[in-house]
Amino acid sequence: MEKRQTLFHSSDQLTAKKVFDTFQNRTTKKFGQNFLFDTNINRKIVASAGDLAGKVVMEVGPGPGGITLEILKRPIKKLFIVEIDRRWAEVWRGLSELFNGKLEVIEKDALKLREEEVSPQVIISNLPYNVSTVLLTKWLANFDKYEKLVLMFQKEVADRLYAKPSTKSYGKLSVLTQWKSEVEKVFDLDSGCFTPPPKVKSTVVKFTPKKVSEDYNFFSSVLNDAFLHRRKLLVKTLRKYAENIEEILENLGYSRLVRAEEISVKDFQKLISCLRK
Ligand code: SAM
């Protein structure tokens, strides 16, 4: 097979658009491939992760490498890129020698990756939309292992992450995310910024994980029950955890008619630690 990688002699020559044009890998819907070629946007995404000096970074889905190349311009210790599409993994294996041992390619489904294989301090990714919430949920279980995550989601999903109580977007994912991290919207992107353009808007979100004491599995299963039927009263959905659920809710200042969507993240923490006792 022709080694088109040899067309590039230095990393300075590379841009995502040149990589895309050189290798001509057609985009596939099945892997959520919507690429970002605008260097200014990619730089802004990477800059929002803060100081990367000496850090081990992981990116899911480099594709033609818009974000990858911006990360590699920083004084990082190492960048692991995890790519499911064999064609793009092959491209980056060929180009990796231009980066003095700082770039390592993992050809794998990120859902199947054991993070201990990589132990990143920072994760930056324009996530494939079809697996974005599953991946986030997987990382949330051990969120405090990471210092920072900067991730792109479709806007509707991002809205759920920082949603406040008593709004349409507030749900289990909002509570889990805000319990485990400081979560901030960075900026929105119109679909026209991507090739090919997706049907929906996108949003870059930054997470700064925090240490929490409550057990993740217990927290998550209470939230499952609480939000499974959003309109049901908590006294009904959480009765199995405590016979005196009315009393617990009243001590937190809520009436017995309260529903999950009205409870703040702080109060969920208090409520769940009472249910654990
Ligand atoms: N980072 C590039 C950019 O911003 O232009 C590409 C982003 S594109 C939205 C998503 C990338 O993730 C594609 O390269 C796709 O092949 C890859 N991908 C999709 N599903 C994946 C999975 N389960 N594990 C690893 N990579 C995946």
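Me: Is Ser-10 buried, partly exposed or exposed?
Reply: In this predicted model, Ser-10 counts as partly exposed, because its relative accessibility is 27% and the partly exposed class lies between under 20% for buried and over 50% for exposed.

Me: Where does Ser-10 lie in the chain?
Reply: Ser-10 belongs to the segment that comes before H1.

Me: Which backbone atom lies 3.0 Å from a polar atom of the Ser-10 side chain?
Reply: That atom is the backbone nitrogen of Asp-12.

Me: And how many residues apart along the chain are Ser-10 and Glu-97?
Reply: They are 87 residues apart along the chain, while 9.5 Å separates their C-alpha atoms.

Me: Let us step back. How many helices and strands does the protein have?
Reply: The protein has 11 helices and nine strands. Of its 277 residues, 51% count as buried. Its C-alpha atoms fill a box of roughly 70 × 35 × 30 Å along the principal axes.

Me: Now the ligand. Which pocket is the space taken by the ligand?
Reply: The ligand takes up the space of the largest pocket.

Me: Which residues come nearest to the ligand?
Reply: There are 21 residues around the ligand, and those that come nearest are Leu-36, Gly-61, Glu-83, Ala-110 and Asn-126.

Me: What is the make-up of that shell by class?
Reply: The shell around the ligand has 10 nonpolar residues, six polar residues and five charged residues.

Me: What lies 2.8 Å from a nitrogen atom of the ligand?
Reply: A backbone N or O atom of Gly-61 lies 2.8 Å from a nitrogen atom of the ligand. A polar side-chain atom of Asp-109 also lies 2.8 Å from a nitrogen atom of the ligand.

Me: Which side chain has an N or O atom 2.9 Å from an oxygen atom of the ligand?
Reply: The side chain of Gln-33 has that atom.

Me: How much of the ligand does the protein bury?
Reply: The ligand taken alone exposes 590 Å², and the protein buries 98% of that.

Me: Changing topic to the backbone: which two residues does a cis peptide bond join?
Reply: The cis peptide bond joins Thr-195 and Pro-196, with omega about -15°. Pro-196 is placed in the loop between strand E8 (194-195) and strand E9 (202-209).

Me: Why mention that bond?
Reply: It is worth a mention because most peptide bonds are trans.

Me: What is the phi of Gln-24?
Reply: Phi of Gln-24 is near 50°, which is a positive value in a residue other than glycine. In general, most residues other than glycine have a negative phi. Gln-24 is found in the loop between helix H1 (16-23) and E1.

Me: Is Gln-24 buried or exposed?
Reply: Gln-24 counts as exposed, because its relative accessibility is 62% and exposed means over 50%.

Me: What about the phi of Ser-166?
Reply: Phi of Ser-166 is near 60°, again a positive value in a residue other than glycine. Ser-166 sits in the loop between helix H6 (155-161) and helix H7 (172-180). With a relative accessible area of 54%, Ser-166 is exposed.

Me: Another serine: where is Ser-220 found?
Reply: Ser-220 is found in helix H8, which covers residues 216-228. Ser-220 is buried, because its relative accessible area is 11% and buried means under 20%.

Me: What does the side chain of Ser-220 make a polar contact with?
Reply: It makes a polar contact with the side chain of Lys-172, at 3.1 Å. Ser-220 is also 9.9 Å from Ile-272, C-alpha to C-alpha, and these two are 52 residues apart in sequence.

Me: Last topic. Is Ile-67 buried or exposed?
Reply: Ile-67 counts as buried, at 5% relative accessibility. The place of Ile-67 is helix H3, residues 66-72.

Technical notes
Residues are numbered from 1 along each chain as its sequence is written. This is a predicted model: local features need pLDDT of at least 70, side-chain atom pairs count only at pLDDT 80 or more; totals for chains, interfaces and linings use all residues. Side-chain values use heavy atoms; hydrogens and water are left out. A residue is near a molecule or strand if one of its heavy atoms lies within 4 Å of it. A polar contact is a pair of N or O atoms within 3.5 Å; within protein, one must be able to donate a hydrogen and the other to accept it, and residues adjacent in sequence count only if both atoms are side-chain atoms. Accessible areas come from the Shrake-Rupley method with a 1.4 Å probe; for residues, only the protein chains shown count as cover. On a 1 Å grid over the protein atoms alone, a cavity is a set of points where a 1.4 Å probe fits but cannot get out, and a pocket is an open set with protein on both sides within 12 Å along at least five of seven lines; lining residues have an atom within 4 Å of a point. A molecule sits in a cavity or pocket if more than half of its atoms lie within 2 Å of its grid points. Ala, Val, Leu, Ile, Met, Phe, Trp, Tyr, Cys and Pro count as nonpolar, Asp, Glu, Lys and Arg as charged, and the others, Gly among them, as polar. Helices (H or I, at least four residues) and strands (E, at least two) are DSSP runs, numbered from the N terminus. Buried means under 20% relative accessible area, exposed over 50%, partly exposed in between (1.4 Å probe, protein chains only).
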